[in-house]
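Please consider the aromatic side chains of the protein shown below.

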Amino acid sequence: MPATLPPLVSADELAAALADSAEIVVLDATTRLAVTTEGEPYTVSPDQDGYLAEHVPGAVFADVPNALSDPGGRFALTLPSPQRFAEAAGRLGIGDDTHVVVYDTANNAWATRVWWLLRVFGHDAVSVLDGGLAAWKAAGHLVESGSVAPRPATFTARPRPELVADTEEVRKLSEEGGVVVNTLDPATYRGEVEVSPYSRRGRIPGSTNLPFFTLLDPATGRFLDRPALGAALEEAGLLTGDRTVTYCGGGVAATLPAFAAYVVDGTELAVYDGSLSEWTADAALPVEIG
């Protein structure tokens with residue numbers, strides 16, 4: 001049964017599951033992000049062209065920045081309403097009993113963003129393909145081109161607000177010494193990047209740094225093995241706090257450590273959806289540099 005798939009699946013596990021069951025929906029969530037001008041928001045584009053060129057056979061394309069986000073949100077990639085998400089999930093062929101496997105071609109973070117979105121709206125039958133399309137191809141599995149039309153389904157949204165952190169909660173955690181973790185690269189964390197897409201450079205005061213990509217094998221793009229993941233997360237304090245919040249620039253990279261914590265031992269972390277885009281836009285909120 002598809003429900004027995006673990007949260008993190010290998011290419012071979014997915015291939016075997018697809019051969020055994022028609023109740024799995026595979027999503028390609030690849031999205032491209034670009035920083036253009038200092039202080040200007042980054043541009044976010046669904047990579048449908050890449051999907052059309054090659055994808056896991058039977059996979060459908062998930063448009064994260066448009067269909068799976070709030071188009072009226074102040075910031076890109078804002079969490080959609082339950083109704084909007086339910087309608088979008090249904091159009092992708094995701095029903096209440098569907099097991100979803102999601103992947104991308106860009107460091108797994110877009111896949112974990114969709115994993116997080118599905119779980120925020122109460123759908124736990126979701127896995128991430130370890131290493132994405134590159135790992136699928138490296139394992140010798142075939143790809144196909146063109147588009148796949150999903151079979152519409154009915155998705156029931158059951159929101160889980162405990163998986164989402166807002167600015168007020170993050171402000172309180174920051175002031176009281178709570179566990180708040182920045183998952184971006186060290187230069188961005190310290191406010192030293194050459195071009196920043198945020199209103200102000202720097203980090204949320206008191207937050208620590210665990211770059212999301214350090215949880216991946218640089219040679220394969222796959223996640224570190226469970227002991228190594230656990231050690232990295234433990235060292236950063238992600239597995240010990242009563243309430244831990246991860247953040248990044250816009251709520252994407254932050255979902256990868258949250259996913260890793262869930263894989264290691266079922267720990268549930270909250271993600272600050274607005275992240276630095278929202279925090280730095282409010283001049284009343286402090287930032288740290290250095």
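In this predicted model, 7 aromatic pairs are counted, a pair being two rings of Phe, Tyr or Trp (its six-membered ring) with centres within 6.5 Å; planes under 30 degrees apart are stacked, over 60 edge-to-face and the rest tilted. The pair of W115 and F259 is edge-to-face, at 5.0 Å between centres and 80 degrees between planes. It joins distant parts of the chain, 144 residues apart: W115 belongs to helix α4 (residues 109–120) and F259 to helix α9 (residues 255–265). Helices (H or I, at least four residues) and strands (E, at least two) are DSSP runs numbered from the N terminus.

W115 has a relative accessible area of 2% and is therefore buried, and F259, at 0%, is buried as well; the term means under 20% relative accessible area (1.4 Å probe, protein chains only). F259 also forms a tilted pair with F223, at 5.4 Å and 55 degrees. F223 lies in the loop between β10 (208–209) and α8 (226–235), 36 residues from F259, and F223 is likewise buried. Ring pairs connect W115, F223, F259 and Y262 into a cluster.

Two arginines lie over ring faces, as tabulated; the criterion is CZ of Arg (or NZ of Lys) within 6 Å of the ring centre and within 35 degrees of the ring normal.

| Arginine | Ring | Distance from ring centre |
|---|---|---|
| R119 | Y262 | 4.2 Å |
| R203 | Y189 | 4.4 Å |

Residues are numbered from 1 along each chain as its sequence is written, and side-chain values use heavy atoms, without hydrogens or water. Local features need pLDDT of at least 70 and side-chain atom pairs count only at pLDDT 80 or more, whereas totals for chains, interfaces and linings use all residues.

Key: Buried means under 20% relative accessible area, exposed over 50%, partly exposed in between (1.4 Å probe, protein chains only).
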